[in-house]
Amino acid sequence: MKKSICLYFQVHQPYRLRQYRFFDIGKNHYYYDDFANKTIMSRVASRCYIPANRLILDLIKEFDGAFKVAFSVSGMALEQMEQYAPEALESFKELAATGHVEFLAETYSHSLSSLISPVKFKNQVKMHTKAVEQHFGQKPKAFRNTELIYSDTIGEMAAEMGFTTMLTEGARHILGWKSPNYLYVNALTPKLKLMLRNFRLSDDIAFRFSDKKWGDWPLTAEKYAGWIAGALEKDELVNIFMDYESFGEHQPASSGIFEFLRAMPGMILNHTNLEILTPSQAAAKHQPIAPLHVPYAISWADEERDISAWYGNELQQEAFNDLYALEERVKLSNDPDLQRDFRRMQASDHFYYMCTKLFSDGDVHKYFNPYDSPYEAFINYMNVLSDITLRTPK
Amino acid sequence: MKVLMFGWEFPPHISGGLGTACDGLTKGLAKHQVEILFVMPTASGDEDQSAVRIINASDVAAFETREDARNLLEKVQFLQVTSNLIPYLGPDEFTEQVNLEREKEWNEFRISFGQKYKFSGTYGSNLMEEVMRYALVASSIAKHHDFDVIHAHDWLTNMAGIAAKRVSGKPLVIHVHATEFDRTGEHVNEQVYELEKRGMEEADRIIAVSDLTRNTIINKYHINPQKVVTVHNAVDFSTVEDREISRGVPEKIVTFLGRITYQKGPEYFIEAAYKVLQKTQNVRFVMAGSGDMFNRSIRRVAKLGISSHFHFTGFLRGEDVKNMFAYSDVYVMPSVSEPFGISPLEAMRAGVPAIISKQSGVAEVLHHAIKVDFWDVHALADAIYGLLTYPALKTMTVRCGLEEVNALKWDIAAAKVKKIYEDVLEEKLKKTTI
């Protein structure tokens, strides 16, 4: 049986908040930094989404379906593409039409709702599923949670919603001696198969590709395919998961990242025992090797691979709890504008900006971060939230 | 290692942060086995001499013999700081003019043979004269004591440092706690600037209390960057205790504590207070201190119609300062230009969250204070409001701030200073052996 490789790319952009002073509370209900949002979306669309989609489309045609990828596109990114870069959205639709691209389900707002309650979480997922069906004409079967956050109970919630496959991090502290390169199942319900990110091979592209101080620079597709083949000598399945913006944005076009992507499928498929599949295909094909116990939530972020980047300090916890305390009343309000704002406030990014680990864990947190300090981020967020609270019927 | 250090003030009799910094630094140095002779213009005898030996300049005669004076004048003829740039003068006339000046200088100094000068040690109107006389006394002290390095704090002691260097030939370290630009904005006093620059040029090394100050020294005084080293100030809080105090008012209290002068940005505090008070009345603002913008500030507060929630305490000292911190919910330092700024650290140590301007040196070492541009009264008002309104912001800044402040030890700063002494001595050694 052939060994499998899965490629999944995350597409997400939050609605960044404008500088919202406390004088605005109760007076001005517009919260967004249109200029930043528009500029960043247009830039990422032209540097990454559009050229990378075109390249992937070519590769699918060239390899006649032997090259496949998966995307998860958050509701926030879908809305902003519609608003600021419709041609990028079109190119995703074109990819969907090939039949070789799988679109995964996630939370609509790229939210942390899985940490708070099943109801809130499921509402978010349903909303996203609907959006995927509407835009891409397919009903997602596999699920990835925001920032690959996963625990036994989160997996159970996904299974209850009918998903059979879920993607998460191959966190070292969970796996111990075990390899991420197999299919696992949820510890509470074996119906849910788990695909674990191979963080070393994923980060070789996402973080290290253009790093000239890296011992393996420059990374060629041939070398990379060799590493994958090496990993799969004994193991069965390598999952390469990363932010889509790695192509052209985090790793600039000048680094040769697109040439790398163009050459990679050929180099992988030269190894005749390897094939490239979508997550759902791979999950159907391979046998789960063991249940994976994850009592505390894990994620793909930072060294800790936990949720401390979004829910680690007092600021984040207060903002988070204050936000979700409103949910019930927002839902009952029948005010579509209020509900839209409430959705946008849930994006995990807002909480990431409040992370105080940033003082030590620098670079990644700074990217696209509009604030100088976590305190500034918190004050701004809370001011907006105060206004939303005032708008919410008692 | 023995250091001859020139200061202007030393606790308990202090009017600014310089004395406190000298105290902390010398105690830190003492822990690193550095012996210090601390010279100050006027000592009262009740200074804490556990870490230093204090020399009271008022007890030292400037010259003992005629020879002393002549010898010294040769070496320190820079002392007169009148400008030699007289327009429309031919070369002959110029030489004549210079000789005349010299003669005048000589006559002036002759009268002080064997005399002691009673320094006021304050920052009064005859400051420039005191600075010069301090230098004369310094050269006498340098002659009669044994030491390895000279360390002079701020422009008031620059001349003393130079005089001591000329007389002894020992390396000179100038410590810049503030520059004329910090004190006056762009309206610098030429004479003071000149003295500062002279000190920096003659120094073998310059210690700046922040990168901000270091940049000023490099850009505004045109000093070789390699000569300028940043050593951030520190704090030692052994004497500060937690205190419980009952408040007379139910509202939250936001405090400005410092000199009410241009440099400290009091007007931005007032404007921000006005904005916050428009939103909530459940807060009172306190401006503690005195200074040349005091009256203007009161007028502005009255004009804005916020006097019922804005209070002036006048100058506070000792216990009252501690009580003020204990009263406060938020401390604000909106300084336009602050070479370092120790007071936010004192506030944080007392469990009061601090908002500081990005234009302060202390912003370089603090993560857990909220930083705003001094001119951005909107951001300042917003930060005040945030700290008063969102509980997590206060708990987190207080908890993390305390840890952070406790880590800023004079011990560590003193080790860096000692390294600088060692460096200049080594350089000196290299130069003499070549």
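# Group meeting: strands, salt bridges and cysteines

Let me begin with chain B, whose secondary structure comes to 15 helices and 13 strands. Please keep in mind throughout that what we are looking at is a predicted model, and that the values I quote are computed from it. Of the 434 residues of chain B, 54% count as buried, and the chain exposes about 19100 Å², of which carbon and sulfur atoms supply 51%. If we take the contacts in chain B with a separation of 6 or more, then 70% of them are accounted for by residues 24 or more positions apart.

I would like to turn next to the start of that chain. Strand 1 of chain B, residues 2-6, is mostly covered, with 4 of its 5 residues buried. Which strands does strand 1 of chain B pair with? One is strand 2 of chain B, residues 35-40, which runs in the parallel sense and is joined to strand 1 over 5 bridges; another is strand 4 of chain B, residues 149-153, again in the parallel sense, over 4 bridges.

Now to the charged side chains. Side chains of opposite charge can pair when their charged atoms come close, and over all chains the count comes to 37 salt bridges. In chain A, the side chains of A:Lys285 and A:Glu275 meet in a salt bridge with an N to O distance of 2.2 Å. A:Lys285 lies in helix 10 of chain A, residues 279-285, and A:Glu275 in strand 11 of chain A, residues 274-277, so this pair ties together parts that are 10 residues apart in sequence.

In chain B, B:Glu338 forms a salt bridge with B:Lys264, and the closest N and O atoms are 3.0 Å apart. This pair links distant parts of the chain, 74 residues apart: B:Glu338 sits in the loop between strand 11 (330-333) and helix 12 (343-349) of chain B, and B:Lys264 in the loop between strand 8 (252-257) and helix 9 (266-279) of chain B. Are these two partners buried or exposed? B:Glu338 is buried, with a relative accessible area of 7%, and B:Lys264 is buried too, with a relative accessible area of 15%.

Returning to chain A, salt bridges that share partners join A:Glu169, A:Arg197, A:Asp203 and A:Arg305 into one network. Within it, the side chains of A:Arg197 and A:Asp203 meet at 3.2 Å, N to O, and both A:Arg197 and A:Asp203 are buried.

Finally, the cysteines. How many disulfides does the structure hold? Over all chains there are 0. For A:Cys48, the closest cysteine sulfur is that of A:Cys6, and at 20 Å it is too far for a bond; A:Cys48 is itself buried, with a relative accessible area of 0%. B:Cys400 is likewise in no disulfide, the nearest cysteine sulfur being that of A:Cys355, 12 Å away, and at 10% relative accessibility B:Cys400 counts as buried.

Conventions. Residues numbered from 1 in each chain as written. Chains lettered and ligands numbered in written order. Predicted model: local features only at pLDDT ≥ 70, side-chain atom pairs only at ≥ 80, totals over all residues. Heavy atoms only, no water. Salt bridge = Lys/Arg side-chain N within 4 Å of Asp/Glu carboxyl O. Buried < 20%, exposed > 50% of the residue type's maximum accessible area, 1.4 Å probe, protein only. Helix = DSSP H or I, 4+ residues; strand = E, 2+ residues; numbered from the N terminus. Pairing = 2+ DSSP bridges. Contact = heavy atoms within 4.5 Å. Areas by Shrake-Rupley, 256 points an atom, 1.4 Å probe, with all protein chains shown as cover. Disulfide = S-S within 2.5 Å.
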